[in-house]
Structures are given as structure tokens and as C-alpha cells.
Amino acid sequence: MLSALALSAAALTAPTAPAPLPVAAEAILAEVRKPGAAGVLVNVWATWCAPCREEFPDLLHVARELAPKGLRVILVSVDFPEAEADVAKFLTSQGVDFPTFRRIGKDDAFVDGLERQWSGAIPATFLYGADGALVRFWEGKASYPVIKKRALAALEPKEAR
Amino acid sequence: MTPKLLLAIPLVLGLHASATSAAGPLAIGATMPMTDAKLKNVDGTEQTLAGVKQAAGTLVVFTCNHCPFAKRWESRIVELGNTYAAKGIGVIAINANDPKAYPEDEFDVMVKRAKERGMQFPYVVDATSNVARAFGATKTPEAFLFDKSGKLVYHGAIDDNGEEPSKVENAYLKNALETVSQGQDVLVKETKSIGCGIKFRS
């Protein structure tokens, strides 16, 4: 009883991140194009990728700050299936309380399906405008001010960028 | 007319080479860059791409020790490298990662890994990461295969399933190696896989 109470108390202080939904590239682009966002940021990451882990808090910082301005953030893990527990643990430790995704299917279809300019290197970050068109993408980690500046630009109307 | 043409060709080639090194990978049909750069091999010798080149064709694979994707493909890279080195293809694996970012990518770990895996081809350090930059390589693993005329004929993934070797449907690099070793034209020239971004030295 006591341990159950302790567990639920711990669960209250640190809500478990929702399990990532398995998706192919098309489903991610469908999420990007769902109406209602002023801009969309997609980040492809993995628990084993050090630069991905390093930039994660900065991405989430930008996500929280710019959510009121209409930024939608889509996190896509490319971890191997057996790393499911590591992914859940990491997302929870980062305080992620919104739905995220994990990649399914072949690399080639996933990489080219998401963006032809992308080489497949991670981390990779993609920014889309309200119309769902790609505004900017980059490979490798970026710092908080850089991510924020680029995300703010994507939120601007097309002609103001 | 002829002298003018002769003059124009090297100029165009020069522009092309600088464009590919600045952004994007080496284009299909391009020749190997930085063939004279000295690269320290796991056996302690110094290697160059020019020295590794073979008449039948040459395979350059950017890989490393730490990357989980490179690890998944590692035994397949070694098997392909050993097999086609024996068939007269020049083979070299290059680690361009800055070991300051990933201690597992240090030289002594490369030596150990090459021994454990039974690599029968050079596994070298790109000590400036400039060879990777010149190829426009961005991740590990990433393969570049040149044919007998020295032109790039295949760039990209080892195969289409890093996670599960038993579920590979398209053995891209193996097919390309077989085709090149027979002196024929490679059909699938460019493929992609997810990999660890190369940590370039600054």
C-alpha cells in the first residue's frame, strides 16, 4: 500500500511520456500539414545519438516558448525497436507530455519520403510554414538561440520571412 | 577551336570539384578527391587513396566505432570489403569523426575493432575530417564506389536493412560491387540510410 502510494506520488511529479506512435514518412507529413499550426518543427533523433540528446532540452525549450505562437513540434525517434524502454525513459526524463513518434519501415523510403535533401544523418531538424511547405532544414545539432530564431522565421507569413 | 576546348574542360572540372566539396555529396560520375592525403592505418602504416586504388574499382566507406548504425552494419562492411578486396577491388574504411566528441572513435579502439572483425583492408583516420568533407560524406556508414575508370558509380547505403541482416531485400553495395568487379554499369547508383552525423573536426 505504502509502496503503491509512493509510486503514484512519483508518477504525479514526473508524468510518463506517451509511448511514441509508429509512423512512416507520409504520416509525419500528414501531421505537418494538419491545419491549425502557424509553423511546424520536425526533429529526428535517437537515444543513442549524443548530439540528439544534447539538443533535446533546447528543442523542448523552443517548443514550449513558441507553442503559444502556434509552433507544432513533432519528435520522431529512429531508435531500434528493442530500445523502446530507453526511448520512454528518455522522453519522460525530458518532461515530454505530448504525443511523439517512432519511425517504421525502410531507411530509404523514410529519408526520401520525409525530405529528398536529407542525407539521413541525425539529428535532423525540419521547419515548415503554416502551408506545410518546407522552410528550412539542417543536419546536426543546433543551439537554443539558433533553433528559436529559425523557428520564429518559419512562423512568419511567407512574404515576411 | 581545339585549343579552346582543351582549356575549357579543366576549368569546368575545377569548378565542379569545388562545388561538390562545398555542399552536397560527390556527384555520380565524379572522380575521387584528396587521393594524396596521408591517412594513418590501424597497422601503423600511412595510406593514401591513390595507393588503395585498384584497376577494377575502389570502395571507400566512411564509418566509425561508436555509431550504433555503423555497428549494425560493421560485420557486413567487413565481409563485403574482404570479399571484394580478394576480387581485385581496392577497399578502404575511413573514420573521420573527432574522437573528442566520441572517445570510442579513438585510434586504439579502431585497431582493436579491425583485429576483432578480421578486416583485411585499411581502416584509417581522417585526421582533419577533410577527406570526408571533400567527399561530402555526412554520416556513418556511407559508401562511395568508383569503377575501373575512376568514376563514382555508387553512393549511399550498405543495404536496405541496418537493423536486421536477415531481412535485407536490396543488398545495394554488394550488387554494385559485383557489377563493378565484372566491369558492368551499376543500375542503382544512389541510396540512403539513416546514420550518425559525422562529427567533423573544427
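Two strands pair if DSSP finds at least two bridges between them, and helices (H or I, at least four residues) and strands (E, at least two) are DSSP runs numbered from the N terminus. In this predicted model, local features need pLDDT of at least 70 and side-chain atom pairs count only at pLDDT 80 or more, while totals for chains, interfaces and linings use all residues. Residues are numbered from 1 along each chain as its sequence is written, and chains are lettered from A and ligands numbered from 1 in the order in which they are written.

**Where the chains meet**

- Strand β5(A) and strand β9 of chain B (residues 195–197) run parallel, joined by 2 bridges.
- Look for A:A121, which stands opposite B:G195 in β9(B).
- Contact (C-beta atoms, placed from the backbone, within 7 Å) links 17 residues of chain A with 14 residues of chain B.
- On the chain A side, α5(A) gives the most, with 4 residues.

**The nonpolar core**

- A nonpolar core is a set of buried Ala, Val, Leu, Ile, Met, Phe, Trp, Tyr and Cys residues joined through C-beta atoms within 7 Å; buried means that 20 or more other C-beta atoms, placed from the backbone, lie within 10 Å of a residue's own.
- The largest such core has 97 residues, and A:I122, B:I94 and B:L145 have the most contacts inside it.
- Helix α3 of chain B (residues 68–86) supplies the largest share of this core, 7 residues.
- Beyond its neighbours within four places in sequence, B:I94 is in contact with B:L39, B:V60, B:F62, B:V124, B:D126, B:V131 and B:A132.

Methods. A residue is buried if 20 or more other C-beta atoms lie within 10 Å of its own, exposed if 12 or fewer, and partly exposed in between; C-beta atoms are placed from the backbone. Two residues are in contact if their C-beta atoms, placed from the backbone, lie within 7 Å.
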